[in-house]
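User: Got a model open here and I'd like to talk through its sheet. Can you take a look with me?
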Amino acid sequence: MLGVFCLTFDVLSSLLSFSCSLVVEAKDGTISVASAFAGHQEVVQDRDHKFLTQAVEEAYKGVDCGDGGPFGAVVVLNDEVVVRCHNMVLKDTDPTAHAEVTAIREACKKLNQIELSDCEIYASCEPCPMCFGAIHLSRIKRLVYGAKAEAAIAIGFDDFIADALRGTGFYQKAHLEIKRADGNGAIIAEEVFEKTKAKFHMY
């Protein structure tokens, strides 16, 4: 009888746990599990907005300092910022010194490890294939980005930027939660390109 009670309790616990979650299928076929509590979603959105805003601030900072293009990235671990970085292509004379790559390099150094599986990355813009490759290789668990690639393309950046998240690299995306910011977060990220295009010249 005790065994039956334990089994029943386990089943009830599982059902209660599942009732707090909602399985969501996006238009692109990807499936994620989100909390059914509206309050939880609001907390996550506020948290994402806070860190994305810091990535956007880095994008402006990079252009103002003459370091590189209008892109910023922030790596977060347990709700604490590990590093804030921006594009360093011009300052380092390095075409690979994109914001996300720079942030991953600095985070690995700071944490003294090459795997960032407990970390999240916030990028002011949709990552290019190189940056997305670095995110994949570092095993970062979650990516939140602001502006769509089209915002960068509109001021002269290569259109291959969009290939990373919209391509066919299924296995690269399998372990990673990917989210585009919505609402005000997306707006402030999109504005970066229009507001900095007169200050930044690629070549």
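This is a predicted model: local features need pLDDT of at least 70, side-chain atom pairs count only at pLDDT 80 or more; totals for chains, interfaces and linings use all residues.

User: Noted. In what order do the strands of the open sheet come?
Analyst: The order is S4-S3-S5-S6-S7, five strands with mixed pairing. S4 and S7 (177–180) are at the edges with a single partner strand each, so one side of each has no neighbour in the sheet. On average, neighbouring strands are turned by 15 degrees against each other, ignoring direction.

User: Is S3 mostly covered or mostly open?
Analyst: Mostly covered: S3 spans residues 72–77, and five of its six residues are buried.

User: And how many bridges join it to S4?
Analyst: Six, with S3 and S4 (residues 80–86) running antiparallel. Val 75 sits opposite Val 83 in S4. The two strands make a hairpin with two residues between them, and Asn 78 in that turn has a positive phi of about 50 degrees.

User: OK, what about S3 and S5?
Analyst: Antiparallel too, with five bridges between S3 and S5 (residues 119–125). There, Val 76 faces Glu 120 of S5.

User: Switching to the other end: which way do S6 and S7 run, parallel or antiparallel?
Analyst: Parallel, and four bridges join S6 (residues 142–147) to S7. Arg 142 has Glu 177 in S7 as its bridge partner.

User: Which strands does H8 lie across?
Analyst: H8 (residues 184–196) lies across S5, S6 and S7, at about 60 degrees to S6.

How values were computed
Residues are numbered from 1 along each chain as its sequence is written. Side-chain values use heavy atoms; hydrogens and water are left out. Buried means under 20% relative accessible area, exposed over 50%, partly exposed in between (1.4 Å probe, protein chains only). Two strands pair if DSSP finds at least two bridges between them. Axes are lines fitted to C-alpha atoms, for helices over the stretch in contact, and angles run from 0 to 180 degrees between N-to-C directions. Contact means heavy atoms within 4.5 Å.
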